Every structure is written in structure tokens, then in C-alpha cells.
Amino acid sequence: MMLKALCLGLLCVIFVSHFYTPMPDNIEESWKIMALDVIAKTCTFTAMCFENMGIMRYEEFISMIFRLDYTQPVSDEYITVTDTTFVDIPVRLYLPRRKSETRRRAVIYFHGGGFCFGSSKQRAFDFLNRWTANTLDAVVVGVDYRLAPQHHFPAQFEDGLAAVKFFLLEKILTKYGVDPTRICISGDSSGGNLATAVTQQVQNDAEIKHKIKMQVLLYPGLQITDSYVPSHRENEHGIVLTRDVAIKLVSLYFTKDEALPRAMRRNQHMPLESRHLFKFVNWSILLPEKYSKDYVYTEPILGGLSYSLPGLTDSRALPLLANDSQLQNLPLTYILTCQHDVLRDDGLMYVTRLRNVGVQVVHDHIEDGIHGALSYMTSPFYLRLGLRIRDMYVSWLDKNL
């Protein structure tokens with residue numbers, strides 16, 4: 001019996017040490033974040049094992065876990081919640097019950113999940129959008145765009161744009177009592193990518209009558225043109241989201257071909273004709289010195305992939321590739337970045353690029369922040385960090401929208 005207990009204990013130690021990532025000194029609730037990190041990496045490890053054994057694909061296993069967290073559209077005394085469609089695109093709609101003498105503000109929210117996972121029905125996003133609607137007395141729309149790898153780019157972008165254009169129709173704004181001059185597009189992580197790309201499209205499309213007042217981008221992923229920016233190096237084995245997982249997910253956004261993530265890990269995936277785009281993501285120029293530190297900039301190697309994927313040079317997929325003329329028309333922008341996040345530098349570079357062309361930008365940087373913190377706002381996995389980011393987000397909207 002003692003031998004069995006000893007073997008079991010040894011096995012647990014080996015298991016935990018395999019997934020253990022040292023916590024930075026400034027992390028709040030470090031024991032809880034450590035546990036969440038081990039859970040996330042255990043799920044990733046299990047999914048990869050199943051994929052290698054031919055049982056199921058990586059993304060199928062992770063999606064199965066995500067779906068366990070989906071909620072029903074439950075209304076309460078303050079908010080009416082319904083699942084409906086905007087031109088065949090599923091959305092979750094939050095409408096305040098109290099009477100309003102004037103038209104309401106509105107927020108369109110794109111959930112994160114690496115383009116492959118998640119839904120506005122997830123407990124955390126349902127909680128966030130319900131909180132936003134109630135606190136701001138605003139109409140909130142959570143968009144459930146199609147997911148990769150069943151649907152590759154540009155399906156997600158097209159769904160997001162179609163939903164926003166539908167909502168901006170005069171008859172729809174009137175139906176929901178929305179003020180067309182007080183509409184915001186928001187998103188976190190990959191949802192921040194879609195929010196960015198859709199906002200760029202809407203603001204530059206002369207045929208769209210009503211424009212967006214502001215955009216909110218929460219730890220967004222905006223490029224993979226250079227997969228060796230400082231935040232990728234610092235957070236290669238990062239908390240919750242590692243560099244390898246980030247590369248795998250963004251690869252599935254474009255293709256199931258394993259050659260792409262292999263080339264991305266070596267920073268050799270961009271096509272030969274893409275050199276002119278590197279100026280838009282040159283972190284040695286765009287990052288504040290605090291974040292570029294002593295890292296040496298090396299231009300990505302071109303042509304490491306035997307074929308060309310158009311999406312890799314398309315600003316609808318990678319919004320940081322948009323040229324300056326596309327950025328000049330953008331509205332007031334709020335960007336939140338997290339220090340311990342592999343995607344940190346995407347948001348930081350976008351702040352610089354927007355300010356360089358005269359766009360008004362408010363930037364908050366969370367020194368003890370980790371990627372995906374908004375996913376941890378509800379029991380049993382709530383973090384004070386997630387609630388803090390929620391409050392910063394909603395407070396800023398309340399003051400500016």
C-alpha cells in the first residue's frame with residue numbers, strides 16, 4: 001500500500017512539473033493562476049495525444065470542453081436575453097427592460113477563442129455582455145461567427161461584417177431603439193482581431209451610412225507576419241497561452257496543413273512577395289523601448305512555405321497589415337494589453353501605428369495581466385484580474401460611448 005501511494009505521489013509530481021510554469025513575482029492570486037495554467041496545458045497535452053493516436057483532432061477535443069460551458073439565454077428582471085440571427089448569423093441579444101426616453105447606446109461584441117473555439121453563449125461572455133447591457137443601459141449583441149477549421153478565413157470576417165452591417169441598418173437600429181451615433185465594436189483576443197478588421201472595413205466603406213463611434217480591443221491578436229516579436233520570445237511557454245498553441249490556432253484559421261505551423265515556428269511562413277508588409281509590423285520601430293528591450297530585430301525569412309496562402313497578406317485576416325490610409329478613418333480606440341501575454345506586442349504596435357496617423361487612442365497596460373483573463377470571471381474559475389479588466393472596460397465605455 002505504501003509503495004502504491006509513493007508511486008502515485010511520484011507520478012503526480014512528475015505530471016505537475018511537466019506542465020508547471022514559474023509565476024512572475026507580480027502576479028495576483030498566483031496559486032489560482034498556476035492551477036488554471038496546469039489545467040489548460042493538461043487539456044492541450046491530452047488533445048495532442050488524442051490527435052497523435054488518431055482518436056480525434058486537437059480542436060475537436062478542446063471544442064468539446066468549451067461546449068460544456070455554454071449557457072441558455074436566460075432573461076432576468078433587468079435584461080431580456082434572446083438567441084436570434086442577423087442574416088443567418090447566430091447572435092445573442094441583450095435588451096434592457098427599463099424604459100428609456102432616448103435611444104440607447106449599443107455594443108457589438110466578438111468573443112475570443114483562437115478563431116476555433118468558443119461562443120457568446122459561454123458563461124464568461126454571457127456574464128460580461130449581460131453586465132455591460134445592465135450597467136450601461138445599452139443594447140449588446142454577441143456575435144457567433146463560424147469557427148475554424150470547419151470554416152477557414154475569410155468566413156469569420158465575413159460573418160462579423162455581415163452581422164454589423166445588418167445591425168447598422170436604419171430599420172434595425174429603430175427596432176431596437178439604438179442611437180446610430182453611439183455604437184461600439186468590441187472584442188477580446190481573436191475576437192479583438194475580428195473587431196479590428198470589421199471596424200476598418202466599416203469606416204472605409206462609403207456605402208455604409210452609419211459609422212462606429214469607437215472600438216475596444218482587449219489583448220487582441222492582430223498579426224502573425226512576424227512570429228518572433230519580443231512577446232513571443234518572453235512568453236514562449238507563457239501562462240495559459242503558449243507560443244506553440246497560438247501558432248497552431250492561427251494556422252487552423254487558414255488551413256489544416258501542418259506545413260504552415262512548422263514554418264511559422266521558424267518565422268519562415270511569409271510568401272516571397274510580402275516584404276513590403278514588414279514595415280507595418282516592424283517591432284524594432286513600433287514597440288516602446290520598454291518592451292523591445294535588448295532584443296535584436298531580424299526580418300522574417302521569406303518563402304519557407306512551399307505554397308502561398310492569400311490570407312497571410314490580407315489585412316482582413318491580419319489587421320496590423322492595413323496601410324496608413326485605411327487607419328486614418330478609424331474612430332476613438334481603446335486598447336488593453338497584458339504584460340504576460342504572447343499577443344502583447346500586437347496591441348502595442350497597433351497603438352503606435354494608430355497614433356502615428358492621428359487616431360485618438362487610449363491604452364491601458366496591465367502589468368500583472370495574462371491572456372484570456374476575461375474568461376475567468378465566473379465560478380469556479382473567477383480571477384480578480386478578470387473582474388478588474390471587466391470594470392476597466394465597462395467604465396471606459398460608460399464615460400465615452
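Which residue lies over the face of Trp131, and at what distance from the ring centre?

Mentor: This is a predicted model, in which local features need pLDDT of at least 70, side-chain atom pairs count only at pLDDT 80 or more, and totals for chains, interfaces and linings use all residues. Residues are numbered from 1 along each chain as its sequence is written, and side-chain values use heavy atoms, with hydrogens and water left out.

Arg390 lies over the face of Trp131, 3.7 Å from the ring centre. A charge sits over a ring if NZ of Lys or CZ of Arg is within 6 Å of the ring centre and within 35 degrees of the ring normal. Lys32 is placed over the face of Tyr382 in this way, at 4.2 Å from the ring centre.

Rings also pair with one another. Rings of Phe, Tyr and Trp (its six-membered ring) pair if their centres lie within 6.5 Å; planes under 30 degrees apart count as stacked, over 60 as edge-to-face and the rest as tilted. By this rule there are 15 aromatic pairs. One of them joins Phe86 and Phe167: the ring centres are 6.1 Å apart and the planes at 20°, so this pair is stacked. Phe86 lies in strand 1 (residues 79–86) and Phe167 in helix 5 (residues 155–167), so the pair ties together parts that are 81 residues apart in sequence. Helices (H or I, at least four residues) and strands (E, at least two) are DSSP runs, numbered from the N terminus. Phe86 is buried, with a relative accessible area of 1%, and Phe167 counts as buried at 1% as well. Here buried means under 20% relative accessible area, exposed over 50%, and partly exposed in between (1.4 Å probe, protein chains only).

Phe153 and Tyr253 make an edge-to-face pair, with 5.7 Å from centre to centre and 70° between the planes. Phe153 is in the loop between strand 4 (139–143) and helix 5, while Tyr253 is in helix 9 (residues 243–254), so this pair ties together parts that are 100 residues apart in sequence. Phe153 counts as buried at 14% relative accessibility, and Tyr253 is buried at 0%.

Helix 2 (residues 30–52) has 23 residues, which at 1.5 Å a residue should span 33 Å; its end C-alpha atoms are 32 Å apart, which agrees. The expected span is 1.5 Å times one less than the number of residues. After helix 2 comes Gly54, whose phi is positive, near 80°.

Helix 4 (residues 123–136) has 14 residues and should span 20 Å; its end C-alpha atoms are 20 Å apart, which agrees. Its buried residues include Phe125, Leu128, Arg130 and Thr132. What covers the buried residues of helix 4 includes strand 1, strand 2 (89–96), strand 3 (104–110), strand 4, strand 5 (178–188) and helix 15 (384–400). Contact means heavy atoms within 4.5 Å. Asp137 follows helix 4, and its phi is positive, near 50°.
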